[in-house]
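Biologist: I am new to this structure. Could you take me through it step by step?

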Amino acid sequence: MSTEDLHLLTGAYVLDSLDDLERVAFERHLADCEDCRNEVHELRETVAQIGAAETTPPPSALRQSVFAEVARTAQLPPHVAPVTSQRTRRWTQGLAVAAVAVLAFGLGTVVTDRSAEQTVVAQEDQLTQIVSAPDAVMAAMKMKGDARSKVIVSPSQGKAVMVGAGIAAPTNNMVYQVWLVDDNGGKHGMSTFEPNADGTAEMVVNADFSNIAAVAVTVEPVGGSKQPTSDPVGVAALGEQI
Amino acid sequence: MMQPDRRLQVVPEPEDAVTRLLSQVGRGDEAAFRELYDHIAGWVYGVILRVVRDPSQSEEVTQEVMVEIWRNATRFDPARGSGKAWVMTMAHRRGVDRVRSAQASIERDHKVAAQSVDIAHDEVSEQVEIRLDRQRVRHLLTELTDMQRQTIELAYYKGFSQREIAEKLDLPLGTVKTRMRDGLIRLRDAMEVGA
């Protein structure tokens, strides 16, 4: 998609009318385009008025039910030092976790020790490269509830990107963990992640995909596990392309 | 929000109650959350109900969104937009997630197949009920071109993706995205002037 086309997506974006891949591409563009960020900011206010005009009182029992759940729910830690856009920070975090996972599990290519900023730039290039690689295959991940996710794998590059939406925050002290399932059923623990505030998530995984049959996601204690301790909440079979 | 002046304002007032409360909630203030709930529950449930349609599912999604607001309020940054926009972005996204989830979309496809494409005029005229904001928003929507209004309504009220809309309306994708954007820019300008 050309940059000119991306500028026109502000409307569809604030109306939540982009599919997950289009949304990720547009959000990457947003990180670099101040005009689009400003337009998104303004149009979000406009769209909020359209939404708020639908005001309907919820069932009264909901109030107590929400307060009870809030009372036992921990808040997320605030973002540290607003160095750069939120989008870039997420990428940084995602990449750091991915790098740690790759090192810890000794899988695939070891991510080199470039500085965080360089890595982010490289990361964004990587995403474009993965998605546009001639051997890239896309598989839908079947997930529980409202969550949905797609995995795009480029075996020649040894990389995969997972994008998801509608992903519920895990319960306290738990995170999501990515697993690669090889042809013999062996499970290789990869990065852990938490969805963003809006339920979206993006994750790049570096590994040798030549013998990988599926990508799975489980809920694990913070820090991740060496072997899954729960049934997967999502599985994408790489043979079943969409 | 609560002001007697009911003009629809696009530029967020820095001191509006929702933005202020949300910032307090971000510091862990549960009492502020209860107050915030009373300000926003109608907006959140209303927009989710509009998209999801089914009241019990809408209630479930509303509960999820409210708890998400609590969890994520620590990351709310008033410099990046009003509390209202932050809350409504989250609520609408979750409503759309619900209707796009696998099972729901199968059911929906059946219903949509039987539905007329030209729903726009119904959407505008069905609400004889007078809520000032609602009436004004609907009125502003009627002042858009048919194509601007239809694409915005199919996306926002029904949760359709731009590709689905292009298919339904038999329009090129490029036309759909430009009509959405043009329409929202016209709405933004109209709201700034005051309805």
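Biologist: In which element of chain A is A:T10 found?

Modeller: This is a predicted model, in which local features need pLDDT of at least 70 and side-chain atom pairs count only at pLDDT 80 or more, while totals for chains, interfaces and linings use all residues. Residues are numbered from 1 along each chain as its sequence is written, and chains are lettered from A and ligands numbered from 1 in the order in which they are written. Helices (H or I, at least four residues) and strands (E, at least two) are DSSP runs, numbered from the N terminus. On that numbering, A:T10 is found in helix 2 of chain A.

Biologist: Is A:T10 buried or exposed?

Modeller: A residue is buried if 20 or more other C-beta atoms lie within 10 Å of its own, exposed if 12 or fewer, and partly exposed in between, with C-beta atoms placed from the backbone. Inside 10 Å, A:T10 has 27 C-beta neighbours, and therefore counts as buried.

Biologist: Which residue of chain B does A:T10 touch?

Modeller: Two residues are in contact if their C-beta atoms, placed from the backbone, lie within 7 Å. Leaving aside residues up to four places away in sequence, A:T10 touches A:C36, A:E39, A:V40 and A:L43 in chain A. In chain B, A:T10 touches B:R181.

Biologist: How many residues of helix 4 of chain A are buried?

Modeller: Helix 4 of chain A spans residues 34–52 and has 19 residues. Its first and last C-alpha atoms are 27 Å apart, close to the 27 Å expected at 1.5 Å a residue, where the expected span is 1.5 Å times one less than the number of residues. Helix 4 of chain A is largely enclosed by the rest of the structure, because the number of its 19 residues that are buried is 14.

Biologist: How many helices and strands are there in chain A?

Modeller: Chain A has 242 residues, and buried residues make up 43% of them. Among its contacts with a separation of 6 or more, 64% join residues 24 or more positions apart. The count of elements in chain A is 7 helices and 8 strands.

Biologist: A:D16 and A:N173 each have a positive phi although neither is a glycine. Which of the two is exposed?

Modeller: A:D16, with a phi of about 55 degrees, lies in the loop between helix 2 (10–14) and helix 3 (20–32) of chain A. A:D16 has 24 C-beta neighbours inside 10 Å and so counts as buried. A:N173, with a phi of about 65 degrees, is in the loop between strand 3 (159–165) and strand 4 (174–182) of chain A. With 9 other C-beta atoms within 10 Å, the exposed residue is A:N173.

Biologist: Which helix of chain B supplies the largest share of the side that touches chain A?

Modeller: In the contact between the chains, 65 residues of chain B meet 53 residues of chain A. Helices 2 (30–52), 3 (55–72), 4 (83–100), 7 (132–142), 8 (146–156), 9 (162–169) and 10 (173–193) of chain B each supply at least two residues of that side of chain B. The largest share, 13 residues, comes from helix 4 of chain B.

Biologist: How many charged residues does that side of chain B have?

Modeller: Ala, Val, Leu, Ile, Met, Phe, Trp, Tyr, Cys and Pro count as nonpolar, Asp, Glu, Lys and Arg as charged, and the others, Gly among them, as polar. The side of chain B that touches chain A has 28 nonpolar and 15 polar residues, and its charged residues number 22.

Biologist: How many helices are there in chain B?

Modeller: Chain B has 195 residues, of which 44% count as buried. There are 0 strands in chain B. The number of helices in chain B is 10.

Biologist: At what angle do helix 1 and helix 2 of chain B pack?

Modeller: Axes are lines fitted to C-alpha atoms, for helices over the stretch in contact, and angles run from 0 to 180 degrees between N-to-C directions. The axes of helix 1 and helix 2 of chain B are 9 Å apart, and the angle is about 145 degrees.

Biologist: How far apart in space are B:T145 and B:G183, C-alpha to C-alpha?

Modeller: B:T145 is in the loop between helix 7 and helix 8 of chain B. B:T145 has 12 C-beta neighbours inside 10 Å and so counts as exposed. In sequence, B:T145 and B:G183 are 38 residues apart, while in space their C-alpha atoms are separated by 7.8 Å.
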